[in-house]
Amino acid sequence: MRVASAGELKRWAAFLDLCAMLAPKAASPSPARDDENWEMIVRCASEHMASPAVLRAIEADTTAPEEVKTYFQAIHEVNAARNRRILKGLDELLARFDEHGIKSVLLKGGS
């Protein structure tokens with residue numbers, strides 16, 4: 001039987017914290033986290049491509065360090081700019097289709 005290392009357990013705890021942050025809000029308050037745990041949460045969010053969603057989850061969290069909030073704010077802003085570019089490109093593409101009489105239907109994420 002394989003026993004998990006201390007590092008693996010910390011990583012698992014960070015993953016569970018990240019899942020709890022991103023889940024619909026529960027009535028329980030957020031658990032206290034130390035700097036090492038926040039570092040693991042940042043790493044885990046990045047690895048799972050969930051970083052842009054974390055800001056909304058921790059904005060009102062008084063236990064989150066300001067540097068962590070600043071980091072996720074920056075990620076959120078970069079992602080918002082990316083989304084604006086994608087939507088602008090989509091608008092241009094749809095306009096071109098329309099010019100040529102091509103009817104289009106957006107599926108899965110198009111708005």
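Predicted model: local features only at pLDDT ≥ 70, side-chain atom pairs only at ≥ 80, totals over all residues.
What share of the 111 residues in the chain is made up of buried residues?

1. Buried residues account for 23% of the 111 residues in the chain. Here buried means a relative accessible area under 20%, exposed means over 50%, and partly exposed lies in between, with a 1.4 Å probe and protein chains only.

2. Residues are numbered from 1 along each chain as its sequence is written, and side-chain values use heavy atoms, with hydrogens and water left out.

3. The secondary structure consists of four helices and zero strands, and the pattern along the sequence reads α-α-α-α. Helices (H or I, at least four residues) and strands (E, at least two) are DSSP runs, numbered from the N terminus.

4. The overall dimensions deserve attention. The chain has a radius of gyration of 19 Å, whereas a compact globule of 111 residues would have one near 13 Å. This radius is taken over C-alpha atoms, and the globule rule is 2.2 Å times the number of residues to the power 0.38. The C-alpha trace spans about 60 × 40 × 25 Å along its principal axes.

5. The accessible surface of the chain is about 8,400 Å², and 59% of it belongs to carbon and sulfur atoms. Such areas come from the Shrake-Rupley method with a 1.4 Å probe; for residues, only the protein chains shown count as cover.

6. Among contacts in the chain with a separation of 6 or more, 54% are between residues 24 or more positions apart. Contact means heavy atoms within 4.5 Å.

7. The axes of helix α2 (residues 35–47) and helix α4 (residues 66–99) come within 11 Å and cross at roughly 10°. Therefore α2 is roughly parallel to α4. Axes are lines fitted to C-alpha atoms, for helices over the stretch in contact, and angles run from 0 to 180 degrees between N-to-C directions. Angles under 35 degrees count as roughly parallel, over 145 as roughly antiparallel, 65 to 115 as roughly perpendicular and the rest as oblique.

8. Which residues form this contact? On the α2 side are Trp38, Val42 and Ala45, which meet Val68, Tyr71 and Phe72 in α4. The residues of the contact of α2 with α4 comprise six nonpolar, no polar and no charged. In this scheme Ala, Val, Leu, Ile, Met, Phe, Trp, Tyr, Cys and Pro count as nonpolar, Asp, Glu, Lys and Arg as charged, and the others, Gly among them, as polar.

9. Ile41 also belongs to helix α2. Ile41 is buried, at 0% relative accessibility. Leaving aside residues up to four places away in sequence, Ile41 touches Ala14, Asp17, Met21 and Arg33. Its C-alpha atom is separated by 6.2 Å from that of Leu18, 23 residues apart along the chain.

10. Met49 lies in the loop between α2 and α3 (51–58). Its phi is near 55°, a positive value in a residue other than glycine. Met49 counts as exposed, at 75% relative accessibility.

11. Gly7 is in helix α1 (residues 6–22) and is partly exposed, with a relative accessible area of 43%. Leu87, in helix α4, is partly exposed at 37% relative accessibility. The C-alpha atoms of Leu87 and Gly7, 80 residues apart along the chain, are separated by 41 Å.
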